[in-house]
Each structure stands twice: as structure tokens, then as C-alpha cells.
Amino acid sequence: MQAKKRYLILLSAGACLVLLFYFGGVQVPASSRSPSRRDERSRNGFYPEQPWPDFADSLQAFIPWDQVETEDYNVHTSPRQKRDVNSSVYKGRRCRMDSCFDFSLCKRTGFKVYVYPQQKGEKISESYQNILSAIEGSRFYTSDPGQACLFVLSLDTLDRDQLSPQYVHNLKTKVQSLHLWNNGRNHIIFNLYSGTWPDYTEDLGFDIGQAMLAKASISTENFRPNFDVSIPLFSKEHPRTGGERGYLKYNTIPPFRKYMLVFKGKRYLTGIGSDTRNALYHVHNAEDVVLLTTCKHGKDWQKHKDARCDRDNMLHKCVFASVPLTFLPLWPSCEAACVPVMLSNGWELPFSEIIDWNTAAVIGDERLLLQIPSTARSIHQDKILALRQQTQFLWEAYFSSVEKIVLTTLEIVQDRVFQHWSRSTLMWNSHPGGLFALPQYSVYLGDFPFYYAALGIKPYPKFTAVIHAVTPLVSQSQPILKLLVAVAKSQYCAQIIVLWNCDKPLPAKHRWPATSVPVIVIEGDSKVMSSRFQPYETIVTDAVLSLDEDTVLSTTEVDFAFTVWQSFPERIVGYPARSHFWDSNKERWGYTSKWTNDYSMVLTGAAIYHRYYHYLYTNFLPASLKNMVDQLANCEDILMNFLVSAVTKLPPIKVTQKKQYKETMMGQSSRASRWADPDHFAQRQTCMNKFASWFGTMPLVHSQMRLDPVLFKDQVSILRKKYRDIERL
Amino acid sequence: MKWLSRIVGFSMCASVKYSSRGPALIPRMKTKHRIYYITLFSVVLLGLIATGMFQFWPHSIESTADWSVDRRSVHDAPLVRLPVASSIPERGDLSCRMHTCFDVYRCGYNPKNRIKVYIYPFQRYVDDVGAPISSTGLSREYNDLLSAISDSDFYTDDVSRACLLIPSIDVLNQNSLRIRETAQALAMLPRWDRGMNHLLFNMLPGGPPDYNTALDVPRDRALLAGGGFSTWTYRQGYDVSIPVYSPLSAEVDLPERQPGSRRYFILSAQTAVHREYRAELERLKEENGEAVLLLDKCSNLSQGAVSARKRCCRGQVFDYPQILQESSFCVVLRGARLGQAALSDVLQAACVPVILADSYILPFSEVLDWKRASVVIPEEKLPEMYTILKSIPHRQVEEMQRQAHWFWEAYFSSMKAIGLTTLQIINDRIYPYAAHTYEQWNNPPIVKWSSVNSPLFLPLIPPRSPGFTAVVLTYDRVESLFRVITEISKVPSLAKLLVVWNNQNKSPPEESLWPKIAVPLKVVRTKENKLSNRFFPYDEIETEAVLAIDDDIIMLTSDELQFGYEVWREFPDRLVGYPGRLHLWDHEMGKWKYESEWTNEVSMVLTGAAFYHKYFNYLYTYKMPGDIKNWVDAHMNCEDIAMNFLVANITGKAPIKVTPRKKFKCPECTAIDGLSLDQTHMVERSECINKFASVFGTMPLKVVEHRADPVLYKDDFPEKLKSFPNIGSL
């Protein structure tokens with residue numbers, strides 16, 4: 001009875017088993033066979049684990065020889081028409097430089113920016129006023145709309161949060177009524193806040209047409225690459241010019257401070273960004289990973305307040321600081337020399353077009369938030385050292401003042417307009433940064449004094465002497481002729497340029513002494529002081545030796561100074577030094593020519609520097625400062641020192657000199673020397689303060705050392721010394 | 001893993017189902033037996049079902065096993081028939097970004113920071129009537145690309161671990177595709193999942209008449225590595241712009257040419273240039289004559305591979321691409337498509353490309369700095385091309401030629417290079433903190449070798465206040481040591497004194513015997529008498545500045561030391577020291593020589609008395625190249641030379657010698673002083689220089705002719721008004 005059924009079941013189970021083996025059996029041999037095949041393949045010279053088969057067939061090329069370029073396109077569309085079609089199709093959210101920007105406006109006069117005149121009764125926030133005055137004070141500014149390539153509104157568009165007191169109403173009609181508006185073509189609109197709590201849509205509340213947007217916290221979705229500019233968010237306390245240096249003062253090793261990771265920021269308890277910030281709480285461990293948030297926002301924040309709302313200045317004690325980019329400015333971490341950890345899913349990083357953020361920040365994915373502490377811990381201290389310095393560099397180069405932010409924005413647009421003269425990534429991301437490296441000077445990086453090390457090259461080993469002549473040539477014993485001969489004898493001298501800034505006509509050629517190097521006499525255009533720093537085409541060497549006509553120098557001194565300059569090609573290397581100090585009684589900067597234990601300027605009456613500084617002096621500095629120098633016929637050397645120190649952030653270098661130099665220079669009062677003028681000194685004092693206010697800060701740095709030849713005044717036979725003339729009186 | 005758990009889930013359901021049916025089938029069996037049989041039966045059935053699933057589950061990973069390796073012909077690959085009505089993916093979503101359309105969780109936390117890439121096994125797709133979906137099938141280039149990826153360390157054969165999936169459907173050339181069917185084939189991929197984490201390679205997008213700039217095949221969220229993106233189709237940070245591979249790359253072997261000026265200034269060697277542009281080029285040629293060379297297809301040659309390598313101009317025949325090497329600049333004009341294979345040829349010939357293709361996203365522009373290798377000119381400015389190019393300095397042209405050739409060699413030369421570069425770019429996005437640097441991407445090997453990126457690159461003069469830590473290395477000269485300590489303690493900026501007691505046989509003197517000084521004094525006892533102990537980054541060193549000083553240097557005045565510290569603050573990335581030394585090339589012996597005489601030059605400062613940044617202690621201890629560190633410890637000499645090599649090599653800068661030369665060691669120790677004058681000592685030091693130069697592979701030391709003195713040193717000025725009056729006195 002049951003036996004029958006039992007057999008039946010057994011039988012069916014057996015049948016199933018057989019089936020199972022049958023199907024399974026196909027696989028077992030297959031898997032047991034595969035190693036042998038692999039052996040076979042490796043014998044044929046293939047990697048045993050190579051999973052993509054090595055096909056024996058002769059495969060076709062993806063592109064046939066005769067089809068490299070299709071001919072029929074030639075027949076159909078004209079590329080010019082195609083360009084026109086593109087620019088009519090891609091508008092609004094699909095705007096690009098090619099379709100929404102009129103390049104022809106920039107052709108005639110170069111990159112000039114026009115700011116609309118301010119209308120009466122329009123109130124403008126302090127921040128926007130700072131932006132406008134930064135543009136007006138820059139070399140890009142023009143007051144003639146006919147010359148302009150870029151237009152900036154005088155209507156305050158910074159704060160488009162309807163709840164904000166700064167909100168400007170009826171912007172739409174106001175903008176439309178501007179007769180130069182032209183549907184926003186070639187306009188750039190600055191904006192910091194858009195939409196309102198809690199969603200913060202990126203709506204500006206008016207139609208921007210074809211205008212570019214320079215906006216803080218812009219989402220990648222709305223960001224139009226190479227058209228919009230993502231700018232950092234800044235507060236109204238942000239300095240207009242200058243700006244503080246960062247807080248990184250020591251490169252301490254190991255870089256670990258009390259806290260490894262600090263999260264700090266405004267935290268919206270509800271609404272946008274609250275998720276991530278609440279999630280951050282899970283990585284808080286109260287030991288080395290700390291979350292700090294301020295919750296003050298709106299009126300009813302107290303209702304949502306919890307124990308995590310806190311205020312403390314812990315950033316100075318941390319290595320990394322997290323920056324949820326959405327609404328927090330970058331400042332705290334930049335200034336405090338913390339490495340920013342950016343959790344920026346969906347947000348375009350500030351100046352992302354030019355800044356290589358990977359070298360300055362740790363970019364994290366908000367989705368992998370919980371991995372961030374372990375990622376941060378895994379970063380080697382060498383890298384932290386570099387990240388911190390780079391963060392500080394970026395801060396000082398592009399973020400520390402409103403002016404820098406605005407100029408960076410304009411330079412980015414300019415680089416797009418003149419693509420063939422634009423900065424390379426290296427120029428933007430290495431010292432001294434894109435604002436000081438002007439690509440119009442040269443597209444070759446080796447022509448700048450800053451990139452020799454990065455490119456592994458050296459400056460050209462000769463110099464051009466530029467002698468500034470202001471008195472007529474009357475006798476053959478004039479110092480200028482002695483100077484000419486002495487300089488020409490230098491083994492490093494390539495050529496001498498005499499800049500004839502004297503009212504008398506040029507002396508005859510034979511009056512100049514015969515020298516082994518070419519002497520080129522140039523007549524200054526307007527015979528003004530600044531013309532000595534003109535970037536003359538005839539200067540072909542990297543180094544320029546700038547000389548006053550009454551300078552007394554020996555060949556040895558020139559040779560030695562040049563060998564020193566080769567070690568410091570980005571600084572001014574020269575002889576007579578001066579110093580500045582803060583006069584606390586008069587609350588202003590003081591200038592001194594007394595013998596002091598330190599100095600911060602080297603006079604350009606006898607100094608070697610890179611020829612790029614001629615270009616920078618002429619093209620970077622505003623007309624106001626240059627005019628001041630020309631009118632006073634004074635202070636050009638101070639201005640040059642300000643400029644170079646602002647670029648390098650380092651003091652100039654003084655080299656040793658024969659002792660009579662100073663006396664000769666100051667003592668020859670018989671001549672109509674400008675040094676003899678009693679007003680001269682007072683003027684220089686005034687200049688200093690004027691310059692310092694334009695730079696927004698005092699760029700000069702003191703140094704306490706002077707460079708001498710290695711055996712200078714040593715107790716050893718003078719015959720052993722290479723620069724023995726320097727010691728002889 | 002997910003997939004496996006799904007299988008388990010299935011089997012659980014199955015077992016429940018069958019056991020519930022059990023009682024009805026075998027009603028009167030003994031419970032024990034019943035359970036036994038039911039279990040047996042269900043196990044067997046389960047096994048069957050599982051096997052069946054493995055066998056017939058259409059897109060499971062096990063189909064790889066189906067791919068038998070000895071069928072090494074594409075025609076033997078399994079055939080997949082696409083049903084007419086099978087679904088089509090959506091068109092690519094333009095708003096896709098890594099954080100929205102890419103599943104980063106699949107890449108996981110990876111200690112090696114390397115993404116894993118899976119390649120689908122090859123299959124042939126045909127439509128319902130059996131016609132293939134592509135006219136070329138698998139192309140040679142796509143095959144090369146996939147086998148390069150599968151050979152690389154990105155590859156994984158485990159789909160469940162893969163972060164990126166690459167279909168084996170070849171979409172390199174849209175012209176040879178049937179768009180709808182290709183899209184269906186993509187959607188049928190077993191892991192397609194709306195294209196999530198899939199990567200497609202396409203070089204020739206679009207087709208007549210409007211030539212879209214991105215692949216027309218609908219592809220959901222798949223990433224596209226495309227040649228010829230325009231700014232409107234390129235999803236920045238998501239897609240990868242790749243070059244159009246030139247088939248000539250593999251065939252032509254151009255001789256290496258040094259950068260320099262060439263016979264022609266501008267060359268246009270593209271065929272099928274639109275007549276509007278050709279007219280403008282002709283005008284340029286008329287204006288500038290011989291400097292411009294315009295070539296076109298040869299009309300009288302037969303079609304095929306031969307004609308592809310010839311270009312003609314008024315009956316004169318030129319070899320292509322050899323002719324590209326004869327020109328400084330080569331025009332790469334857009335055609336129907338933005339991406340041109342000619343760009344690759346031009347780069348290979350080290351000719352600087354002049355790119356005229358508005359809105360074109362240059363290949364690999366996410367990481368490559370094209371401004372250093374090419375000139376981009378708007379199409380409208382074609383007539384001004386000559387003037388623009390003439391304004392470029394000659395040295396920059398050479399630089400760009402070198403850079404162009406390097407780009408080709410590293411990123412364009414083969415399908416392998418293109419494929420792996422694409423994967424590396426995606427890898428850099430997923431692990432941004434481990435991304436390749438700008439220098440790694442852009443510097444050719446020669447620049448990588450000769451350039452220096454100092455680790456302390458920020459121009460920074462640290463404040464005076466933290467002071468410096470003096471580290472005195474001593475063995476047993478207690479008396480001399482105490483004198484040194486007393487002298488140093490007078491220096492205003494001294495923050496701490498660290499004595500490294502290198503004698504294991506003798507204990508340091510009792511605490512009460514040490515000189516009483518105002519700053520903390522710590523004694524560190526070492527385990528072994530090694531010279532490298534003096535450069536160990538002790539935790540006790542809390543300042544940036546370290547003064548290394550020997551226990552017999554008592555001649556330095558407090559003014560000299562304080563001044564040395566001030567100089568170090570101005571040059572925190574250099575060695576700032578007192579006794580200077582020089583290396584010289586000995587022409588007779590053909591090797592380096594050590595020099596300690598009174599010379600006019602300096603290339604080293606001895607660390608018997610030198611300031612330096614604590615960072616260099618780390619470098620010395622953990623990053624010293626080769627066996628130098630052990631060698632120094634074994635020979636008990638030259639640790640100072642090694643330090644000089646290390647610092648000069650990483651910063652590219654010379655040390656700074658401060659203050660005039662003097663006899664450094666104590667007058668009583670003349671016997672020891674005699675040692676440095678000893679001939680064997682000098683020979684040994686010279687040996688060190690030669691040894692280190694060979695380990696570094698270069699001579700990093702830099703020679704300078706200056707030293708640093710206080711501003712008013714030896715000036716005719718009242719001594720008491722000088723900050724550092726007591727300098728240089730013997």
C-alpha cells in the first residue's frame with residue numbers, strides 16, 4: 001500500500017535527481033574544463049585572467065578610410081548659417097558665450113566695463129556699492145557706453161529675497177526701461193541671494209534675458225557653464241579692498257590641531273539643506289569631530305532650537321572644516337587656515353571655472369557623509385600641508401576683498417572673450433594668482449618671473465640696463481657717462497637703454513662713449529616719471545637694471561647684484577634701501593631714509609628686477625596713482641616697491657654697496673637733483689599713504705638682512721675674493 | 001551580493017510552497033517518513049529550480065560561463081534577437097550630474113581609491129528578422145578599447161562589485177548604427193537599470209543633415225564618453241569629452257622632431273573643408289604667401305588607404321601626415337562634426353593645433369590644460385588667424401609643440417590611452433581627494449623631472465614669537481655641551497632646548513648638574529648611536545624652526561644665532577646655517593669633490609649649526625631616497641650633506657649662509673678640529689657627494705655667491721645702534 005506510494009515518491013525523487021545531475025552536469029565539466037583552457041591561452045601568450053576574448057577575426061575599422069569626413073555636409077549647410085541658427089536657438093537657460101554674447105563690442109576698445117549712472121532715489125546696499133566702486137576703480141572701467149564690452153547695472157540686484165529689507169521692488173520694469181538693456185546682452189548681473197526661505201529657488205524675480213549671472217550658491221542644474229560665474233557669498237562687512245591675510249602663519253608639522261574636523265554653519269532647522277546638516281550630527285563625536293551650528297535665522301528660530309545650536313570660535317583649532325556650501329560663505333575656514341571639506345552636491349563651487357578645488361579642499365559627496373571622517377583621517381599630512389597653503393593662497397588671491405571677487409569675475413569673462421590670450425590653469429592656481437599674471441603681456445609662462453621652478457627653467461642670464469637721463473649732456477665727466485661705461489663692462493650686460501627724459505634735444509651719437517654692448521637711446525613719450533617703467537619692446541632680457549643718471553656703481557657691484565637676482569628673480573634686488581613705519585601719533589604711515597636696522601624698499605635708482613614689472617606697473621596700476629607720480633615727478637620707486645611686494649608678499653633684497661654711494665647720491669646738491677628739494681621728503685610721505693589706501697593694506701614687508709659676497713670683509717687675502725672691488729673704498 | 005540574496009529569497013518561497021502542498025499528496029504516511037520524503041523531494045525540486053534558473057535566467061551573470069573561450073571569433077558569439085516591441089530607453093537627460101544620475105554607493109569605500117569596471121560579455125544583436133543592428137558589428141577600435149580595459153587594474157569580472165559597466169555594444173560610429181535597435185539592445189542589458197553607472201564610448205556622433213553633437217541613441221542616464229560634444233550637449237562633470245581616434249596613429253611612425261621653427265608657418269591639410277572656409281583660407285594664403293600652405297585631397301589618385309595618406313596642392317603631392325611635421329601651426333577646422341580625427345594627427349606631428357570650432361568641448365578638457373598646447377580661435381576670426389599666431393612668442397610655440405606631442409603620446413595615441421584616460425577621469429571624480437594633480441596630467445616627463453614644487457610654497461614670513469627649538473646632538477662631551485647650552489640660552493628667541501643623548505653606555509648627568517636656563521630643557525635618550533637621531537621629528541619640537549647644533553660649537557654669539565633665526569624667518573623653506581661648504585666638479589677624476597676652503601661660493605651649509613623647518617626632519621626620517629639614511633648611519637658621516645641634498649632637491653633652492661666665516665669649534669678642541677682637515681675625511685666627504693648624486697640621479701645642489709649679513713654689518717655707524725652688533729668678532 002504505502003510501499004507503492006513510497007516507491008513512487010522515491011522514483012520521482014530519483015528522476016528529479018537525475019534531471020538535476022543532467023542540468024548541473026553541463027556546468028560541472030564546463031567549470032572544470034575552463035582552467036585547462038586558460039592554460040592553453042596562457043601558452044598562446046595571453047594573460048590567463050584576461051576575460052575579454054582575443055578575437056582572431058580581422059575586424060573592421062570604426063571609420064572607413066574614405067569616410068573620415070563626409071562630403072555631403074559641404075553641399076548642405078553653411079557653417080556661418082549654422083552659427084546664426086545656434087545663436088538664435090540657444091537662449092535663456094541654454095545661453096552660452098557663443099549664442100548670447102556679442103563679441104564684436106569688445107573688438108574695438110578691448111575689454112571695457114560700463115556701469116550705469118546711479119539714479120536718484122534708488123537705494124543701493126553697501127555691498128553693491130562696494131562692487132560698483134571696485135569696478136569704477138579698476139582699469140576696465142569706462143564711462144562711455146559706446147566703448148563698453150560689458151555692462152553692469154546700477155540697480156541693486158544682490159539680494160532678491162523678498163523678505164529682505166534690501167529687496168528692490170519693481171526691478172522688472174526698471175530694468176526694461178533702460179535704453180541700453182538690449183535684452184541683457186553683454187550685461188552681467190551680480191547676485192548673492194535669490195528666492196526666499198525655505199526653498200530658495202534661484203529666481204531673481206525679473207527676466208534677466210541674455211545677461212550673464214555672477215551669483216553666489218548657484219546650483220549645477222541652473223549654472224550655464226562658461227557663461228555664468230559662480231561667486232563666493234560675502235557679507236556686508238567684507239572689506240572693499242585689500243583684505244586680511246589668512247590665518248595660516250605657521251606651517252606646523254604635524255598639522256594636527258585639537259580638532260580634526262569641525263562642521264560649522266548656519267543650520268536651517270527646517271527647509272533646504274537641513275537634511276544634510278542634521279545628518280552631520282551623526283558624525284559628531286565630541287572628541288575630534290565636532291558639529292557647531294548657529295540657528296539664528298528668521299523670527300521663530302527659537303521654536304525649533306535644540307542643544308546643537310552653539311557659538312564658538314573653534315575653527316582656529318581644527319584641521320578640516322566642513323563647508324556645506326549652500327548658504328555658508330567660505331570665509332570661516334579659509335581665514336582660519338582650516339582645510340575646507342566641501343559637501344556640495346548640486347552646487348557649483350565658487351570660481352569653479354578657474355580654480356582647481358581639488359588642490360585646496362576635500363570635496364565630499366553628501367551621500368557618503370558618514371565616510372568623511374575616515375576620508376579626512378586618511379589624508380596624509382604632506383597633503384594637508386599643501387591643502388592648507390593652497391587654501392590660504394586662494395583666499396588671498398581671489399576672495400579676501402570685494403574688489404578681488406569682482407576683478408576675478410571680470411577677468412574670467414575677459415579670458416573667455418579673448419581666448420587666445422587667456423590664462424592657463426597653472427596661472428590661476430599658483431602664486432601670485434591670475435589677478436597679477438596678465439596674459440596680455442605674454443602667453444609664454446617663462447616670460448613671467450613666477451613659474452621658473454614649476455617649469456624647470458631659468459631666467460635669461462643677461463640684463464638690460466635702463467638709464468633714466470634727465471639732465472642735458474654737457475661735459476664728458478658727467479656721472480651718467482661713467483655709469484654707462486661701468487655697466488657696459490659687466491659680463492652679464494646685454495644692452496643699455498638710455499631713456500632721454502630731458503627737455504633738451506638728444507645729444508649727438510658720438511657723445512656717448514664707445515661700449516662693447518649696444519646703447520639704445522629712446523626719447524620718452526611725454527617725459528614723465530612713469531615712462532621709465534614703460535614695457536619697452538627693446539627690452540629683450542628678463543632682467544632690467546634700472547638706474548638713475550647720477551648713480552655711482554662699479555662693474556663688480558653690478559655683477560654681484562645680478563648673480564643675486566638670479567636666485568630671486570621675482571623680487572627687486574638693489575642697493576639703496578629705505579624703510580616704512582607706522583606713525584602712531586599721526587595715525588599714518590611714515591617714510592624714512594635714515595640708516596636703520598631693517599628696510600622694506602629698495603630704490604629703483606639702482607635695482608634689478610624682472611621686466612614683467614614694467615608691464616604690470618603700466619597696465620595694472622590705476623591712472624590715478626601713475627598721474628600722481630608724474631605730477632610730483634617723485635615716488636615712482638615707492639610705487640614700484642608697493643607693487644612688487646603686493647605681488648610677492650615678500651621684502652625686496654638689498655645687496656652690499658660701496659660706502660660712498662649714499663653720500664654721492666644725497667650730497668651732490670649742486671645739481672638740480674630732485675633729492676635736494678625740501679618738499680621731496682614730505683611728498684614721499686604723502687605718496688606712501690595714498691598708495692597704501694589704494695592697495696587697501698600695506699603690502700611692504702621688512703627685512704633685516706643684506707646679501708654680501710661670501711668672503712665679504714673676511715680675514716683672508718683679498719686676492720682670493722671674487723668681488724674685491726666692493727670692499728675697496 | 002544583492003543578486004545572490006534575491007536567489008535565496010526565491011528558494012525560500014519555493015520551499016514554503018511545496019511543503020504546504022505535501023500533506024495532500026502523501027496523506028497517510030508516518031509523520032517521520034513523511035517529513036523525510038517531503039524534505040528530500042523539496043530539496044531535489046529546489047535544486048532543479050535553482051539549476052533551471054542558472055541555466056535559463058536570461059541575463060544572469062552566469063551567461064559569462066556560456067561564453068566559451070575557444071570560440072575566438074565574433075561570429076561564434078551568442079546571438080540575441082531583439083523583439084520588435086522591446087522597450088527603448090529615454091533620451092539622455094541633460095540635467096544629469098554625478099550626484100543625481102550616478103549611484104556612488106556601488107563604488108563603495110575603496111582603500112585603493114580605484115573604481116571597478118565590468119564589461120558585458122560580447123553578444124551579437126539582431127532584430128526580429130535577423131538583420132544585425134550595426135553594419136560593422138564590433139569594430140577593431142572598440143575591441144582594442146575593451147581588451148585594454150579588461151587588462152587594466154580597473155577591470156573586474158564580478159558584476160556585483162562593479163562601479164562602472166561598459167556594454168560590449170559598439171557605438172563608436174553612429175553612422176553604422178541602427179539607432180532604435182541599438183537603443184533596444186542597450187535596454188535589454190541585464191543590469192541596465194535605466195543606464196545607471198553605464199558608460200558608452202562614441203566618437204562620431206550625429207548624422208546628416210543636422211549632425212547632432214552627441215550620440216543620438218537614447219541612453220537613459222548612461223554616461224557618455226563622446227568625441228565632438230558642443231557646449232550645449234556636454235553635461236559638465238558627467239560626460240567625458242574624448243578625442244576622435246585617428247586610424248593613422250597606429251600606422252604612421254613619425255620620426256621624433258625637436259621643437260623649433262619649421263618650414264611653413266600655417267598648414268591646413270584637412271580634406272572636405274567647407275567651401276566658405278576654404279575661400280577664407282585661400283585669402284589668407286594670398287596675403288601671406290609661402291608661410292601658409294593649403295592642401296586638399298588628391299583628385300587623381302585612386303580611392304582607399306593610399307589616398308588617405310596623400311595631400312595635394314596644385315598638382316604637387318605631399319605625404320600625409322609627414323607634411324604636418326614641416327609646419328609650426330596646423331589648422332583644425334570643424335567639419336560637419338566638431339570633433340576631428342585630424343586633431344590627433346596634428347598633435348602626433350608636434351604641430352600646434354589651431355582649433356576653429358565654436359562651442360567645441362576639447363578632448364579631456366576636464367583635466368588637460370589646452371591653453372598650453374593649442375590656440376583656440378573663434379570661427380569668425382579666421383581671417384585674423386595669421387596676426388593672432390604671429391603675436392605668439394617663439395618660445396611659447398616651441399613649448400606648445402612639445403606639449404602637443406606629449407598630449408598625443410599620453411592621451412591620444414591608442415584606443416587604450418583614450419579608454420584608460422576616460423576611466424581615470426571618472427575615477428578622479430569619484431575619489432576627488434585622491435585625484436591626479438594638474439601637474440600629473442599636464443606636465444610632460446621632462447618637465448616633471450626638472451620642475452620643483454616646493455612643499456612650503458606659500459610666501460610666508462612666520463612671526464618671531466614662537467621662537468625656535470635648539471636640538472643639540474651629544475655623545476659624552478658634557479663639559480663642552482654645558483658651555484653650548486649656556487651660550488644658546490642667551491638667544492632671545494630660543495623656545496626650548498632638546499639634548500639628544502646618543503650614548504647608550506653612559507647616562508646623562510643628573511638633573512641638578514645641568515646649567516640653569518630660562519627655557520625648558522629636555523633630554524632624549526636614543527636607542528642606538530646613529531647620526532640620523534639628530535634629524536628625528538621629535539614630538540618635543542613644537543616650533544617650526546629647528547636649530548641643529550653640535551655640542552662643540554661655542555663660538556657663535558647670541559647675536560649671530562638670533563640673526564640666523566631672523567634670516568630663517570625670511571627663508572623658512574631653506575637651510576640657513578653658519579659654516580658654508582661647496583661641491584666642485586673635478587675634471588681630472590671626472591667626479592664630484594667636496595671643498596671646505598675659503599671659496600667665493602657656497603652650495604651647502606653644515607648642520608653643525610643651522611636653522612631649518614621641522615618638516616625636513618620628516619623628510620629626512622621617512623622620505624630620504626634610496627639607502628642614504630642607512631648609509632649615513634653605517635658610515636657615521638655626511639648626515640649634513642644628505643640633508644643639504646634633500647632640501648635642495650625638493651625646493652630647488654640654495655641654502656643661505658649667514659654671517660662671516662670663523663673658526664667654529666672650540667679652541668681647546670683643536671685635536672678634533674684637525675679631523676676635518678684630515679685628508680681621509682675630505683675623501684670620504686667627496687665620496688658621499690658622489691654617492692648621493694647617483695642616488696638622486698642628479699646634482700640638486702645649487703651654487704650661490706652670497707651670504708646674509710645684518711643690514712648695517714661693517715657700516716660706519718655706531719655699534720650700539722645696530723640690532724646685531726656682535727657679529728663677525730673672532
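Me: How many salt bridges are there between chain A and chain B?
Reply: The structure is a predicted model, and the count between chain A and chain B is nine salt bridges.

Me: Which residue of chain B does Lys722(A) form a salt bridge with, and how far apart are the closest N and O atoms?
Reply: Lys722(A) is bridged to Glu705(B), with 2.4 Å between the closest N and O atoms.

Me: Which element gives the most to the side of chain A that touches chain B?
Reply: That is helix 1 of chain A, residues 2–43, which contributes 16 residues. The residues on this side of chain A comprise 59 nonpolar, 46 polar and 40 charged.

Me: What is the area buried between the chains?
Reply: About 14,000 Å² is buried between chain A and chain B, and carbon and sulfur atoms give 57% of that area. In terms of residues, 145 of chain A are in contact with 160 of chain B.

Me: Turning to strands, in which sense do strand 24 of chain A and strand 25 of chain B pair, parallel or antiparallel?
Reply: Strand 24 (residues 705–709) of chain A and strand 25 (residues 706–710) of chain B are antiparallel, paired over five bridges. Within this pairing, Arg706(A) has Asp709(B) as its bridge partner.

Me: What is the mean pLDDT of chain B?
Reply: The mean is 86, and 87% of the residues of chain B reach 70 or more. Over residues 1–27 of chain B, however, the pLDDT is below 50.

Key:
Residues numbered from 1 in each chain as written. Chains lettered and ligands numbered in written order. Predicted model: local features only at pLDDT ≥ 70, side-chain atom pairs only at ≥ 80, totals over all residues. Heavy atoms only, no water. Contact = heavy atoms within 4.5 Å. Buried area = accessible area lost by both parts, 1.4 Å probe. Salt bridge = Lys/Arg side-chain N within 4 Å of Asp/Glu carboxyl O. Helix = DSSP H or I, 4+ residues; strand = E, 2+ residues; numbered from the N terminus. Nonpolar A, V, L, I, M, F, W, Y, C, P; charged D, E, K, R; others polar. Pairing = 2+ DSSP bridges. pLDDT = per-residue confidence, 0-100.
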